[in-house]
Amino acid sequence: MNVSFLLNKYFPDKDNVSIDVFDAHTLNNVYQQVLQTLTSHFEIEVSVLQSLSYCFYEILDNVHIHSGRPLGTAMTHFDASKNVLRVLVADDGMGIHASLAENEKYHDISEAEAVRICVEDSVTDGKGMGFGLYATSRLMKNIGLQFILHSGCHKLVYQDDKTEIIENGFWQGTIVYMEITTSREIDANEVVDHRTDAADQYNEAFVETNELDVLWKDQKADENFPFVQYGTDFGTREMGAKIREQLLPMIKMNGRIMLDFSGVNVVSNSFADECIAKLLMEIPLEQLKRHTTFHGLSSMAERSILVALQRRYKVLQKQLDNK
């Protein structure tokens, strides 16, 4: 496989591109390593990771199931300054046209038509469900900056809300390239058309920790901190940082502060990470539990805060373990 071509074409002038070659035996390890690395980038919204984790595994698995070749290559690059993630998976196998032709239903279609329809629901060569690329196309329509699917002499290109099929160069096999914005929250389960729980699957694999399985709530407190004094909808990191600066000295004092979310409608994961989870960078978890308690959270707000805390805690613990 021409890795140099892929780097020059899809990652020009990019440093620190992660490159992993995988086969059927190492596929899961590569998947785990890539997602664990991306999880450590807190600039990437957790809902983006929840969606991407499902789609990325499906694309890796497509190489194993459909390409007819033992090896595939995965490349990733995250630009934190621009909140842009680039992901590429390539193989040098039979390609989409030949693969779909194994299904009698698609035996006579052209290569261009095969590339066009392979992202539609339930289009498959018969070896799978035909859902992975369909889910990926839904992800791209949510947060995709560019999506390229290149197989043979044809490319499907999605950009600026437009999709076109072009004849351009030849690639033996299939290239799937995604360029996505990582700073927008999306509904991971909507991306997978609510056919599975992508959010919980990601959380269980990469976020959840036994040391922090539930929030600590409604304990007796010495002082009340009503979030409603700042508003009812909290979605930005800027607001999260502002409130954390107010909370930090109060929490470090003796006593317990009630973090009161009564009357608050929205707590995004971005805000939860910036305002609450980042406290773990200065206050150990057990100390944070002793000096705070939560009250008045809606179920969705509680979930956002718990996931943010779990993610931040797990990454911090891994960093400590590696020292």
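In the predicted model, strands β3 (residues 84-91) and β5 (residues 162-181) run antiparallel and are joined by eight bridges. Within this pair, V84 lies opposite T181 of β5.

Helix α2 (residues 27-39) packs on the sheet. It contacts β1, β2 (72-79) and β3. The direction of α2 makes about 160 degrees with that of β1. Helix α3 (residues 46-66) also packs on the sheet, where it touches β1, β2, β3 and β5. Its direction makes about 15 degrees with that of β3.

The sheet as a whole is open and contains five strands. Their order is β1-β2-β3-β5-β4, with antiparallel pairing. Strands β1 (18-22) and β4 (144-159) form the edges, and each pairs on one side only. From one strand to the next, the twist averages 15 degrees.

The largest nonpolar core comprises 57 residues. Within this core, F56 and L100 have the most contacts. Helix α3 supplies the largest share of the core, 10 residues. Leaving aside residues up to four places away in sequence, L100 touches Y106, I109, A114, I117, C118, V123, T124 and D125. A second core is separate and holds 34 residues. Among them are L215, I243, L280 and L288.

Technical notes
Residues are numbered from 1 along each chain as its sequence is written. This is a predicted model: local features need pLDDT of at least 70, side-chain atom pairs count only at pLDDT 80 or more; totals for chains, interfaces and linings use all residues. Side-chain values use heavy atoms; hydrogens and water are left out. Two strands pair if DSSP finds at least two bridges between them. Helices (H or I, at least four residues) and strands (E, at least two) are DSSP runs, numbered from the N terminus. Axes are lines fitted to C-alpha atoms, for helices over the stretch in contact, and angles run from 0 to 180 degrees between N-to-C directions. Contact means heavy atoms within 4.5 Å. A nonpolar core is a set of buried Ala, Val, Leu, Ile, Met, Phe, Trp, Tyr and Cys residues joined through side-chain atoms within 4.5 Å. Buried means under 20% relative accessible area, exposed over 50%, partly exposed in between (1.4 Å probe, protein chains only).
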